[in-house]
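Take a moment to look over the chain before reading on.

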Amino acid sequence: MPVYAAYGSNMDPKQMAEWAPHSPMRGTGWLPGWRLTFGGEDVSWEGALATIVEDADEQVFVVLYDVPEWDEPSLDRWTGTDLGLYRKVRLRVATLEGDVLAWSHVLDSYEGGLPSARYIGILADAAEKAGAPDDYVTGLRNRPCKSLGD
């Protein structure tokens, strides 16, 4: 079964259950050689959106889900893949059981811009619920962001 690596708000199993109800959480892992960043500020009314970019010195915490083919179209719609907002990439996820080949969504836009404080809170809460290390969650909560009035 295809494995999906979630690094943004989809780390929250409750949200994933709404968007892809037949896709159980499989575990967690890390994307070595990738960095969490934000971009596409011009396509979202709240600010920049989460994405990942290759960076040899970084790693990103992810939640893995088994996504059957019948859930994939719904997940693509919710993430904006159908609109060209995100594109799919295949990557290796390091887990305690060994590497797993997975796919994820990467923003199809420029890197840069600030996410909203609300969005950062959603990402940090999702990472915390998924069991991300405290320093990773703290790092998310301390990221530069803007309030909706900015």
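Which residues touch the most other members of the largest nonpolar core? They are I52, V60 and L91, in a core of 45 residues. A nonpolar core is a set of buried Ala, Val, Leu, Ile, Met, Phe, Trp, Tyr and Cys residues joined through side-chain atoms within 4.5 Å. Buried means under 20% relative accessible area, exposed means over 50%, and partly exposed lies in between, with a 1.4 Å probe and protein chains only.

Before going further, note that this is a predicted model, in which local features need pLDDT of at least 70, side-chain atom pairs count only at pLDDT 80 or more, and totals for chains, interfaces and linings use all residues. Residues are numbered from 1 along each chain as its sequence is written, and side-chain values use heavy atoms, with hydrogens and water left out.

β3 gives the most, with 9 residues. Helices (H or I, at least four residues) and strands (E, at least two) are DSSP runs, numbered from the N terminus.

Now look at I52. Residues up to four places away in sequence are not counted here. I52 touches Y7, L31, W34, R35, L36, V60, L91 and V106. Contact means heavy atoms within 4.5 Å. Two of these partners, V60 and L91, are also among the residues that touch the most other core members.

Next comes a site taken from a record. The unreviewed UniProt entry places the feature "binding site" at Y4, A5, A6, Y7, G8, S9 and Y119. UniProt positions are given in the numbering used here, feature names are shortened, and annotations may be inferred rather than shown by experiment.

Two of those positions deserve a look. A5 lies in strand β1. Its relative accessible area is 0%, so A5 is buried. Leaving aside neighbours within four places in sequence, A5 is in contact with V62, V63, L64, L91, V93, A102, W103 and S104. S9 sits in the loop between β1 and α1. S9 counts as buried because its relative accessibility is 16%. Beyond residues up to four places away in sequence, S9 touches Q15, I122, L123 and A126.

Turn to α4. Which of its residues are buried? They are Y136, V137 and L140. These three cover an arc of only 95 degrees around the axis, so they lie on the same side of α4. The arc is that of the directions from the helix axis to the C-beta atoms. The cover over these buried residues includes β2, β3 and α3. The face turned away from the buried side carries the exposed residues D134 and D135.

Q59 is partly exposed, because its relative accessible area is 42%. Q59 and W34 are 25 residues apart in sequence, and their C-alpha atoms are 5.0 Å apart in space.

Finally, consider charge. Side chains of opposite charge can pair when their charged atoms come close. How many salt bridges does the structure hold? It holds 10. A salt bridge is a side-chain nitrogen of Lys or Arg within 4 Å of a carboxyl oxygen of Asp or Glu.

K88 has two such partners here. E72 forms a salt bridge with K88, with the closest N and O atoms 2.4 Å apart. This pair links distant parts of the chain, E72 in helix α2 (residues 72-79) and K88 in strand β4, 16 residues apart. K88 also meets D76 in a salt bridge (2.8 Å, N to O). K88 lies in strand β4 and D76 in helix α2, so this pair ties together parts that are 12 residues apart in sequence. K88 is partly exposed at 33% relative accessibility. E72 counts as buried at 19%, and D76 counts as buried at 9%.

Another salt bridge joins R87 and D108 (3.7 Å, N to O). R87 is in strand β4 and D108 in the loop between β5 and α3, 21 residues apart. R87 is partly exposed at 40%, and D108 is partly exposed at 47%. Salt bridges that share partners also join R35, D55 and E111 into one network.
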